[in-house]
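This report concerns the salt bridges of a protein model. Please consult the sequence and structure shown below.

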Amino acid sequence: MKIKITGIIIMVIFAGTLIFYTCGKSQPQTDNQIYIGVACYDQKDTFIEELVDAFKEQCSSMESKDYAISMTIMDASNSQRVQNDQIEQMINDGCNVLCVNLADRTEPSEIIDAAKEKDIPIIFFNREPVEEDMRRWDKLYYVGGKAKQSGELQGELAADFIKVNPQADRNNDGKIQYVILEGEMGHQDAIIRTESVVESLKANDISLEKLSYQIANWNRAQAQTRMMQLIGQYKTNIEMVIANSDSMALGAIDAYEKLGYTESNIPVFFGIDGTDEGLEAVQKGKIAATVYNDKEGQAKAMAELVIAAVTGKKMEDIQFENNRCIYLPYKKVTKENVETMIK
């Protein structure tokens, strides 16, 4: 018997204005009902949007004769203050488990305190709180990937490409001139991805010269703007663009296309996440390679953890690291295997 989805309702808040909402008060409270409150830092982030869609599908497909699921999804538009208010609202409306993608990973205290007071488990996802915060309560969990691994794999992919395609060094000076598009100022994953990809390239005997790096906030349009500025400064001297996400890699490609650059004058691009558009770009040869962030695996782990955290059943079957963390491995994606990654 499939879980009865009594309503996956999307709630979006812009500039503090509530657009559409329900969860809890307008629905009957029953012992077999699981109300999930999902808080997203910004659903305009392509990867987050796809991850949440995969989570909804997982919840819909799970089977049980013991409970039904309803869900509220809120978008904080990258404001921790807004997200705190949204979570307070979801708690007041009867949600009994929270899935939280923090707007600011260093500021979960208000959320933790509110949930702890009502004994509501929190599953953080994609943006991992600092270790000290995770130790504050035994009903705090995390699901995501290890940022260092994504950077290491991206570096290995770039090194392999350069070794097989020596023409990537267009000026034949024995080193690759590169720029980095970084996800977000001070964001742990962005910093770690940036550092580890460079370390990985050097460990694989690739000589590098960094021209610049720009913050583009995981956003395709911002990446296009930043890349156009870099092209204006460095012209055809950029041989490689390393992006912390596929969306930013695609934005960089947009910049070259908008400026009318030919294929012989554009650099090689590398992304991370394996979004639908990113995989399509790898398939078409626009992005040389990307690193797949396993959104389906994360969605499945979140759904199983939701059930266990609320019902208290089968928690012992879940494999944790660091007591209450679940990390899904990243995967390399190239033109040779991209077909197997497209769902």
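Across the whole predicted structure, a search finds 18 salt bridges, each defined as a side-chain nitrogen of Lys or Arg within 4 Å of a carboxyl oxygen of Asp or Glu. Side chains of opposite charge can pair when their charged atoms come close. Three of these pairs are listed here.

| Salt bridge | N to O distance |
|---|---|
| Lys-295 and Glu-50 | 3.5 Å |
| Asp-113 and Arg-136 | 2.4 Å |
| Lys-300 and Glu-304 | 2.6 Å |

The model is predicted: local features need pLDDT of at least 70 and side-chain atom pairs count only at pLDDT 80 or more, while totals for chains, interfaces and linings use all residues. Residues are numbered from 1 along each chain as its sequence is written, and side-chain values use heavy atoms, with hydrogens and water left out.

The side chains of Lys-295 and Glu-50 meet in a salt bridge. Lys-295 belongs to helix H10 (residues 295-311) and Glu-50 to helix H1 (residues 46-61), so the pair ties together parts 245 residues apart in sequence. Helices here are DSSP runs (H or I, at least four residues), numbered from the N terminus.

Lys-300 and Glu-304 both lie in helix H10, 4 residues apart, about one turn of the helix. Lys-300 is partly exposed at 41% relative accessibility, as is Glu-304 at 36%. Salt bridges with shared partners also join Glu-50, Lys-295 and Glu-296 into one network.

Definitions and conventions
Helices (H or I, at least four residues) and strands (E, at least two) are DSSP runs, numbered from the N terminus. Buried means under 20% relative accessible area, exposed over 50%, partly exposed in between (1.4 Å probe, protein chains only).
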